[in-house]
Amino acid sequence: MRDFKLKPGADWASSVVLYMKLPDHPALRESAVILARNVERVQRFSTLLSNLIIPIIVSERAAAKAALGHDNSSGIPLEEFLSRTVTSELTKHAEDLNRMNKTRHPSQEYIALVDAAYGYVQRISSDNEKTSDALESWFAAQLTGVWTAIESLFQDLWVAALNAHPATLAELKGRSDKKTVSLARLAQANFEINGAMGTILSEYQNFSRLDKVVEAYALAFSQDGDSILELLKGPEFHQLSCIRNLIVHAASRFDGEYLSKVQSLPDAPRGELGEKMQLDGDVVDRTLRPVLIRALELITAVDQWLQTH
């Protein structure tokens with residue numbers, strides 16, 4: 001029986017959803033907020049299974065307990081007694097959820113319910129191939145969803161930085177070509193380029209590929225931008241990019257390009273050529289947790305650059 005290693009709470013998102021500090025430079029704050037919202041949307045999706053199953057568990061346990069504890073001499077019909085008990089327990093559960101939304105700290109009862117919910121999912125998935133495939137797709141959607149959030153951050157952050165500090169960054173000193181902007185494009189902006197150079201120049205960059213993202217940042221942050229480029233070139237972004245591309249472009253089946261690119265990544269999934277990549281809670285956690293930490297460090301590095309230049 002395959003263990004999907006389901007993990008409660010999508011804790012991999014906590015660095016962004018719970019603990020993110022907004023950048024000091026106001027120009028970057030919207031990019032940070034958008035990242036948090038995009039990641040939170042994926043996190044909510046990742047907790048969908050447990051959130052759907054837990055009320056069923058609460059209801060079934062309450063009904064079983066009520067059936068055992070019903071006293072015929074009370075004058076309350078069994079059906080009504082069951083309904084009251086289930087409603088009461090569901091109300092308590094809703095109150096617990098409201099408290100957690102405010103405090104961000106789950107109760108022990110809730111943690112136990114999540115474990116029970118994932119226990120059901122594990123058993124069902126192990127015995128049903130279609131359900132197992134659906135669970136694989138659920139994991140894949142989390143990985144591709146966070147990559148989309150990261151990809152958006154790359155562009156949003158670059159644009160915001162150049163809009164805020166065009167004097168140095170918009171010169172794109174990292175390379176001699178691709179520096180011209182057509183008069184037609186300037187006319188579209190009514191020749192009002194103050195605070196818009198990042199927006200205009202972003203149209204000449206490709207932020208959908210990690211190597212091109214590194215190139216775009218190297219062009220702009222050629223002066224004192226080593227810490228920014230080191231983060232972008234790090235294994236965390238590289239691993240998520242490789243996994244995402246394998247999911248989207250190779251239907252999650254290992255190919256030579258992927259296996260070659262992940263040779264230096266010990267935590268990346270591996271297998272034989274043509275074999276389907278197996279996803280589980282561990283793969284998701286060890287891929288998404290570090291990449292979101294690096295995303296926050298990237299925001300901080302760009303923020304510090306703007307503060308010191």
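How do the residues of the lining of the second largest pocket divide into nonpolar, polar and charged? In this predicted model, the lining has six nonpolar, five polar and five charged residues.

The second largest pocket holds about 390 Å³ of space. Its lining is made of 16 residues, and Ser241, Cys242, Asn245, Glu257 and Lys261 are the closest to the centre.

The most comes from α12, which gives six residues.

Helix α10 also packs against another helix, α6, which covers residues 129–164. A pair of packed helices is described by two values, the angle between the axes and the distance between them. For α6 and α10 the angle is about 15°, and the axes are 11 Å apart. Why do α6 and α10 count as roughly parallel to each other? An angle under 35 degrees counts as roughly parallel, and the angle here is about 15°, so α6 and α10 are roughly parallel. The crossing of α6 past α10 is left-handed.

Which residues meet where these two helices touch? From α6 come Trp147, Leu153, Phe154, Leu157, Trp158 and Leu162, and from α10 come Leu210, Val213, Ala216, Tyr217 and Ala220. The contact of α6 with α10 has 11 nonpolar residues, no polar ones and no charged ones. The lining of the second largest pocket, by contrast, includes five polar and five charged residues.

Notes
Residues numbered from 1 in each chain as written. Predicted model: local features only at pLDDT ≥ 70, side-chain atom pairs only at ≥ 80, totals over all residues. Heavy atoms only, no water. 1 Å grid on protein atoms, 1.4 Å probe; cavity = no way out; pocket = protein on both sides within 12 Å on 5 of 7 lines; lining within 4 Å. Points joined across faces, edges and corners; volume = space filled by probe spheres on them. Helix = DSSP H or I, 4+ residues; strand = E, 2+ residues; numbered from the N terminus. Nonpolar A, V, L, I, M, F, W, Y, C, P; charged D, E, K, R; others polar. Axes fitted to C-alpha atoms, helices over the stretch in contact; angles between N-to-C directions. Parallel < 35°, antiparallel > 145°, perpendicular 65-115°, else oblique. Left-handed = near helix turned anticlockwise from the far one by under 90°. Contact = heavy atoms within 4.5 Å.
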